[in-house]
There are 2 protein chains.
Amino acid sequence: MTSTATTPELPPVYCPVEPAVHPRADAIERRAVEWVDRMPLYRDDRERRRVIGTNSAEFYARFAPFGPEHNVQMAAHWVYWGFAFDDARCDSGPLSARPDLFLAMAGPLQRALEAPYENLTEDPLVAALQDIGRSFHECATPVQVRRFCDAHRAWLFAVAWQIVNRVRGHMPDLAEYTAMRLHSAGGAPTLAMLEIATAAEVPAREMDSPAVRALTEMAVLVASWDNDLHSYRKECWEGHTDQNLVTVLAHHEGWTAEEAMVRGVGMRDRVLARFLRLREDVRPKASQELRQYLQCLGHAIRGNIDWALKVPRYNAVEVAGAPLQDPGWADGPSDASTDPLPIPGIAWWWDRVAG
Amino acid sequence: MTSTATTPELPPVYCPVEPAVHPRADAIERRAVEWVDRMPLYRDDRERRRVIGTNSAEFYARFAPFGPEHNVQMAAHWVYWGFAFDDARCDSGPLSARPDLFLAMAGPLQRALEAPYENLTEDPLVAALQDIGRSFHECATPVQVRRFCDAHRAWLFAVAWQIVNRVRGHMPDLAEYTAMRLHSAGGAPTLAMLEIATAAEVPAREMDSPAVRALTEMAVLVASWDNDLHSYRKECWEGHTDQNLVTVLAHHEGWTAEEAMVRGVGMRDRVLARFLRLREDVRPKASQELRQYLQCLGHAIRGNIDWALKVPRYNAVEVAGAPLQDPGWADGPSDASTDPLPIPGIAWWWDRVAG
């Protein structure tokens, strides 16, 4: 077990977005915990504490601070499910080192989501996912459901890729890591639920436009890199640092963990700054639904941070040695460059899109 | 090497759709071969013959018998690419038994398609895919491009799943095989190009509706099962029958190859009959673009058969012992039941959709 003494603390966070939370967050959490128990999403008390300790209802109440309570509730269910799945089948558990078994499980699981009224397996995690799938069919539009399902498959594909790297002992370079991380953290299905939670379908011509695709991907990457920064400390404490922004930079650039974290935060700030500028450019011509979606992308970035600073998953003494120190808020990006990041695969966010 | 004597011949084919082919098929093929040579999609003369012998231009000229010549051309390029990729990286070649290496290759490849203006790798197959990606950005709408990219990822995911089954020596049951086969044959990206080839974007509310999703999936499955029936003979000749409709049924039901083929054809006919009925139900209220798309789904099912009966890939003496015998056309489905097939995951095509 590695001492936390070697783990750099987070610098102040650049995120000029006001915090927000759904006014019915508490009621949503209470009912979500009932749902977690009913499925159930765990096998024993330890797993139950772990799943409930993800604070997933609070998490999504921050992402979608407005919207019909029922819809936010259904999205929160998936977040609990996603964490339970992640712990049981992706990041740890017997499949975390077996890409073959992971794929053999994930393929039928994805189909079960797409056909949620059909009994495909006895697996309780699959049954819980189908429960969510049915609820989406009831409260969301077919377009929203399709978007969520596609994002869900992209996530499973990237998790398999991540497991393969882990098994091969392969530390991806920054371009590969970024391409993988755009999906492996589950950001895409999480953000695909924003439209469901707020009951506002974004027209396809807007959602699939290069600018909105870029904005969605940027929000995913900022939140996923933030997740890397938050979980790095926990992983150091646990003695297994996996592929994440800090280790990728340290490995390929020969930097110390401190340097890698500073440079990683600088890259993260540049993406967020680009996100905010492009969002301003897109907003004036956006439909009401798109404006709402873009607003929630900002809430997601901010909410992910507010959630991470308190959630037991990253902060409990037994999982991370000590709570995260509140790093405070920075006035501006730590790297003020407006040039594209030199990462093949995402440079087009700067080069090839306009509002 | 297995003798063809044990391989059942195909029964007459039920497919009440008129044959069609794009009037500029020959010119499209000539330019496509120039493109195949320019990339190039092969490493030696043997591979070149194999790629060009897929008759991919003819294939897609049958799928999209109308539409701007340039757009059909670009779609044909992807079909050549897909066959080259399939032979080099999926069905044979060193990755065909290594799901880990396949995923490590496929993840960056998918991102390269999504960001086709950025230089992600030196791999010539990736460069060729990016050439296609750029051409789609130029001749197709963002919605069409996004649909193609999502379908492309779903294909890669299912190919990885198929490789895993192969490596584990796992013969999937019919439900699992069907879920996998809906994507592993590349049917979804192939059909996602229909809109691009015909320059007609189907509105999202129609495309993502349960009925049109079901119609697309049914067309994919019929064509993929037909592909199974056509390639089964070739695989028997080559002495390696992989997971396909005939082997799955024979294995799990204890049937002979002859019985499995007859029952498989019966299932295939029931799906096609359901497709034709549902398409009639949907058509009256469909937009012009959707009507065109639905028409092309029928051309795809028919064109896939017409192509298969002549293409060297299945018919050359050196790959299959002898050309496929033209089975002739059946007047009606070999199994006239209009009940849902008892396959979890697709029963909703009958139960839960209406025009």
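## Salt bridges and polar contacts between the chains

In this predicted model, 4 salt bridges are found across the interface of chain B and chain A. One salt bridge joins Arg111(B) to Glu217(A), with 2.8 Å between the closest N and O atoms. Across the interface of chain B and chain A there are also 16 residue pairs in polar contact, both residues of a pair being at pLDDT 80 or more.

On the side of chain B that touches chain A, the elements giving two or more residues are helices H5 (99-114), H7 (142-168), H8 (174-184), H10 (204-207), H11 (210-238) and H17 (348-351) of chain B. H7(B) gives the most to this side, with 12 residues. By residue type, the side of chain B that touches chain A comprises 26 nonpolar, 14 charged and 6 polar residues.

## Extent of the interface

The size of an interface is often given as the accessible area lost when the parts come together. For chain B and chain A, the area buried between them is about 3900 Å², and 65% of it lies on carbon and sulfur atoms. Three residues, Leu103(B), Arg111(B) and Phe157(B), supply 19% of the area that chain B buries against chain A, more than any other three residues.

In residues, the contact takes 46 from chain B and 46 from chain A.

## Helix H13 of chain A

Helix H13 of chain A covers residues 257-282, a run of 26 residues. From its first C-alpha to its last, H13(A) reaches 37 Å, close to the 38 Å expected at 1.5 Å a residue. H13(A) is mostly covered, as 19 of its 26 residues are buried.

Asn315(A) is part of helix H15 of chain A, which spans residues 312-315. Asn315(A) counts as buried because its relative accessibility is 6%, under the 20% cut-off.

The side chain of Asn315(A) has polar partners in the backbone. A polar atom of this side chain lies 2.8 Å from the backbone oxygen of Val311(A), and the side chain of Asn315(A) also reaches the backbone oxygen of Leu309(A) at 3.4 Å. Apart from neighbours within four places in sequence, the residues in contact with Asn315(A) are Arg233(A), Ala308(A), Leu309(A), Lys310(A), Ala322(A), Pro323(A) and Leu324(A).

Note on methods:
Residues numbered from 1 in each chain as written. Chains lettered and ligands numbered in written order. Predicted model: local features only at pLDDT ≥ 70, side-chain atom pairs only at ≥ 80, totals over all residues. Heavy atoms only, no water. Contact = heavy atoms within 4.5 Å. Buried area = accessible area lost by both parts, 1.4 Å probe. Salt bridge = Lys/Arg side-chain N within 4 Å of Asp/Glu carboxyl O. Polar contact = N/O pair within 3.5 Å; in protein donor to acceptor, adjacent residues only side chain to side chain. Helix = DSSP H or I, 4+ residues; strand = E, 2+ residues; numbered from the N terminus. Nonpolar A, V, L, I, M, F, W, Y, C, P; charged D, E, K, R; others polar. Expected span 1.5 Å × (residues − 1). Buried < 20%, exposed > 50% of the residue type's maximum accessible area, 1.4 Å probe, protein only.
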